[in-house]
Amino acid sequence: MSDEPVRIPLPFHRAAPQALLDGQLRRNLGTATTTIRAKRAAVTAETPDWQELRQAGKAIKEHTLRNLGHYLERLEASVTRAGGVVHWARDAGEANRIVRDLVAQTGAREVVKVKSMTTDEIGLNEALAEDDVVAIETDLAELIVQLAEEEPSHILVPAIHKNRAEIRELFLEAFALDRGELSDDPAQLAAAARRFLRERFLEARVGISGANFAVAETGTIGVVESEGNGRMCTTLPETLITVMGVEKLVPTWRDLEVFLQLLPRSSTAERMNPYTSFWSGVRDGDGPRSFHLVLLDAGRSLTLRDDVGRETLRCIRCSACLNVCPVYERVGGHAYGSVYPGPIGAILNPQLRNGPHDAELPYASTLCGACYEVCPVAIDIPTILVEMRRRGVEERRSRSVLPASSLEDAALRVAARVFASPSRYEAAQRLARLGQAPFVKNGVLRGLPGPLAGWSDARDLRPVPRTSFRAWWRARGKEGT
Ligand code: SF4
């Protein structure tokens, strides 16, 4: 198990109401997710074989996961043949120890980082800080979050919760600039960050990256990004260390053809990423002198053994599911208390991390199914959410935290009988029509009693209509004859 200090965030049910009170956050999130959603819809609609591509992505990942041991060994052999060194890490603590040792061997006091979600997962920056090594995030949004001493709130746009006025204030202080030297114009903000980062790149002796893909047959690691910082991070320092979850593997170079179409369209809503960098081991006179690949398990093997949860490992971290999720759009990423927020976080965290509050994350969903519709590798997130809820209830029952049978169970059993029979369903409609009368005000159902209050306290519920669809249909049929 990890020996890193564990940060325990607020549980979702307490963090979400706080986030909802932040009007600026909701405006930022609403604007950003609406824009990305529309752009994504356009670039996927112009791809005639989009659904076939999704199925191909799903099939490649399924095949790889079924044969993960074989392909990981193949990857190790390929990376070694190309002059790299492969390290195996069972958990966050082991991965951090490996990276700390490697950095210590170089004597570097500062490292530059790119694509750092996996390193965020294991808390690498904090681990390096114990050795007085400063880790500089080089993705612009990651840098913003780091300077603000906050956590990322979106997989792809970690600073989605910040607007440009807030970023200006942050840069003025961090880069010690006078107010007249920097406006909130995005080009000026980017230029200020670029000046700061260029110096860091030129001085860095160690680069640390994540990976979007690793190709088993060639030992090639791939990173896609939009700012060019990945290219610099992986080519300028003498030592390059890549920390990668074992599920990022694809068997062959040719498989990238599928994912390099699926990923940019689903994430940044682009036809291709501005920068796609690949490297295989080391080469004389070109790029880093040494390359280390840290393969991280950290709960992935356990997830792989789970018949239902396994497909979570197909995820390519595109973030499309976040942008369509009505819950994420309102509360943002911090409420999930993890680097993996939104629908994918709601199924990934309970499996990989299984933290003290993660069991409630599967409830952070309306089960509307939008996440499944957009997922480029067709992960059936709603089904996994429901299964996790079921397991959560069983687990709490086994510990007697929940009674073996509850009022809710009884209500659902009655509902099942009602919905199974047209006559019972219509009788229930008639009863509801009569029973709702005292609670209907101005065309809205309010103030329901007892356990039903949860349904009417925070929603404007429509009352049961005077005429049901079935009654209307029957009447219409009679008229027509
Ligand atoms: S679950 Fe699917 S949509 Fe969500 S981040 Fe992963 S690949 Fe993208």
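Visitor: Why is E203 called exposed?
Guide: The relative accessible area of E203 is 53%, and exposed means over 50%, buried under 20%, partly exposed in between (1.4 Å probe, protein chains only). E203 is therefore exposed. This is a predicted model, in which local features need pLDDT of at least 70 and side-chain atom pairs count only at pLDDT 80 or more, while totals for chains, interfaces and linings use all residues. Residues are numbered from 1 along each chain as its sequence is written, and side-chain values use heavy atoms, with hydrogens and water left out.

Visitor: What makes E203 and R200 a salt bridge?
Guide: Their closest N and O atoms are 3.5 Å apart. A salt bridge needs a side-chain nitrogen of Lys or Arg within 4 Å of a carboxyl oxygen of Asp or Glu, so the pair qualifies.

Visitor: Is R200 buried or exposed?
Guide: R200 has a relative accessible area of 14%, so R200 is buried.

Visitor: Why is E394 called partly exposed?
Guide: Because its relative accessible area is 48%. R390, with 40%, is partly exposed too. E394 and R390 form a salt bridge at 3.3 Å, and D306, E387, R390, R391 and E394 are linked in a network of such bridges.

Visitor: What does the salt bridge of K113 and E137 tie together?
Guide: The side chains meet at 2.8 Å, N to O. K113 lies in strand β2 (residues 110–114) and E137 in strand β3 (residues 134–137), so the pair ties together parts 24 residues apart in sequence. Strands (E, at least two residues) and helices (H or I, at least four) are DSSP runs, numbered from the N terminus.
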